[in-house]
Amino acid sequence: VVQVLFDPQKISYGRLLDWFWDLHDPTTLNRQGNDIGTQYRSAVFFHSPEQKQAAEASMAAAGAEFKDPIVTEITAATEFYPAPDDHQNYYFQNRSKNPYCRFVIEPKLRKLDLDH
């Protein structure tokens, strides 16, 4: 799980949700690529009723983009526990030596339209 802190004056919650649907497969239950298990499930954790409503509406709209049903969990956020240090900034620490970074993460980063 990634906790995203953002300034709504710079980027909207809706835009973050758009990226969320674009950058992973929300149609596979407890799986992303070759990684399998509940820790790989697709989930949106909301912090307010407004975020919950926006996430549900965004998921409904995104459903038209996928041939399979979206199985993303939308649930209230609870306490967040940061990952160990060796997982912090993983891409930046490993991009030159880890094939996963080059072949999985880099294409996703290129998909981001950071200007909009």
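Helices (H or I, at least four residues) and strands (E, at least two) are DSSP runs, numbered from the N terminus. This is a predicted model, in which local features need pLDDT of at least 70 and side-chain atom pairs count only at pLDDT 80 or more, while totals for chains, interfaces and linings use all residues. Residues are numbered from 1 along each chain as its sequence is written, and side-chain values use heavy atoms, with hydrogens and water left out.

Side chains of opposite charge can pair when their charged atoms come close. A salt bridge here is a side-chain nitrogen of Lys or Arg within 4 Å of a carboxyl oxygen of Asp or Glu. By that rule there are three salt bridges.

Select Arg 15 and Asp 18. Their closest N and O atoms are 4.0 Å apart, in a salt bridge. Both residues belong to helix α1 (residues 13–22), three residues apart, or about one turn of the helix. Asp 18 is partly exposed, at 37% relative accessibility; buried means under 20% relative accessible area, exposed over 50%, and partly exposed in between (1.4 Å probe, protein chains only).

Next, select Arg 41 and Glu 73, which form a salt bridge at 2.9 Å, N to O. This pair links distant parts of the chain, 32 residues apart: Arg 41 is in the loop between β2 (35–36) and β3 (43–46), and Glu 73 is in strand β4 (residues 73–76). Arg 41 is partly exposed at 37% relative accessibility, and Glu 73 is partly exposed at 29%.

Last, select Lys 67 and Asp 68. The closest N and O atoms of this salt bridge are 4.0 Å apart. Lys 67 is exposed, with a relative accessible area of 79%, whereas Asp 68 is partly exposed at 37% relative accessibility.
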